[in-house]
Amino acid sequence: MLSFIALALLAHASPIECQNLLKHKLNIIILAGQSNMAGRGGVANETSTGIGTWDGVVPPQCQPNPSIFRLSADLAWVKAREPIHADIDARKTDGVGPGMSFANAVLTKDPNFGVVGLVPCAVGGTTISQWQKGEFLYEQLVKRAEMAQQSGGVYRAMLWYQGEADTVNEEDVELYKGRLKTFFDDLRSDLHAPLLPIFQHQERDLILRK
C-alpha cells in the first residue's frame, strides 16, 4: 500500500499576468501518468466513430485561478485552464483531470504562499516501462521539469496516476512495484530533489508499496 508523503506547500497570491510571472517564485507541481491524469472527465466516445468528445463542463473546483499557470507543450507559461493536457496528450481527447482541483485545493487551504506552476506530462495508454529513464516520456518529463525550475521555480510535488495499462498480463503486474520504485528514484536523482513528495493514485488491480 502506498504511503503518501506529507505535503506542506503553496498558497494564494494576487492576480499575476503571464508576462510578469518570472518576478515570482513558482511552486512547481508535476503531473504525470496516463489517461486519468491527462484528464478524461466529461469525455464520451461517439459510438459510431469511437472518437471522444469533451462536454466542456468544468466543475467549480477545477475553475481557472489567477495564481495557477501551466507549462505548455512549447515550454511557455500560460494561464491554466481545463483541459490541462490538451497540447501534451494531443492524440487523445482530453477533459477534466486532477491537476487543477489539486492546485485549487492547496491554494484554498493555505492562502499566503505564491504562484502554482503546473507541469503537465501525462499521456494516455502508457505503461510504466515507457516512463523508465532513457525512454522518451521520462526524458520529456525531466526536460519540462528542469525548464520550469529554470523559470525561477521550486519543486513542490509530483502527482502520479498510472497503472491500468500494466494490468493486462501477470508479468507486468509482478514487475510493476520494482519499475515504479526505479522511476521514482531516478526522477528524484535527476531533478536533484531527493525529498520530492510524490502523490500516487493506486490502481485497484495492482498491489503497490512506496
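**Close-up views of a predicted model**

**View 1. The largest pocket holds about 260 Å³ of space.** A pocket is an open set of points on a 1 Å grid over the protein atoms alone, with protein on both sides within 12 Å along at least five of seven lines. Its lining, meaning residues with an atom within 4 Å of a point, has 14 residues, and I88, V123, F136, L137 and Q140 lie nearest the centre. Eight lining residues are nonpolar, three polar and three charged. The model is predicted: local features need pLDDT of at least 70, side-chain atom pairs count only at pLDDT 80 or more, and totals for chains, interfaces and linings use all residues. Residues are numbered from 1 along each chain as its sequence is written, and side-chain values use heavy atoms, without hydrogens and water.

**View 2. The largest nonpolar core has 30 residues.** Such a core is a set of buried (under 20% relative accessible area, 1.4 Å probe, protein chains only) Ala, Val, Leu, Ile, Met, Phe, Trp, Tyr and Cys residues joined through side-chain atoms within 4.5 Å. I30, W131, L141, M158, W160, F183 and L191 touch the most other members. Helix α3, a DSSP run (H or I, at least four residues), gives the largest share of this core, six residues.

**View 3. P120 sits in strand β6.** A strand is a DSSP run of E, at least two residues. P120 counts as buried because its relative accessibility is 0%. Beyond neighbours within four places in sequence, P120 is in contact (heavy atoms within 4.5 Å) with L31, R70, L71, I84, H85, I88 and R144. A38 is 82 residues from P120 in sequence, yet 7.7 Å away in space, C-alpha to C-alpha.

Definitions and conventions. Buried < 20%, exposed > 50% of the residue type's maximum accessible area, 1.4 Å probe, protein only. 1 Å grid on protein atoms, 1.4 Å probe; cavity = no way out; pocket = protein on both sides within 12 Å on 5 of 7 lines; lining within 4 Å. Points joined across faces, edges and corners; volume = space filled by probe spheres on them. Nonpolar A, V, L, I, M, F, W, Y, C, P; charged D, E, K, R; others polar.
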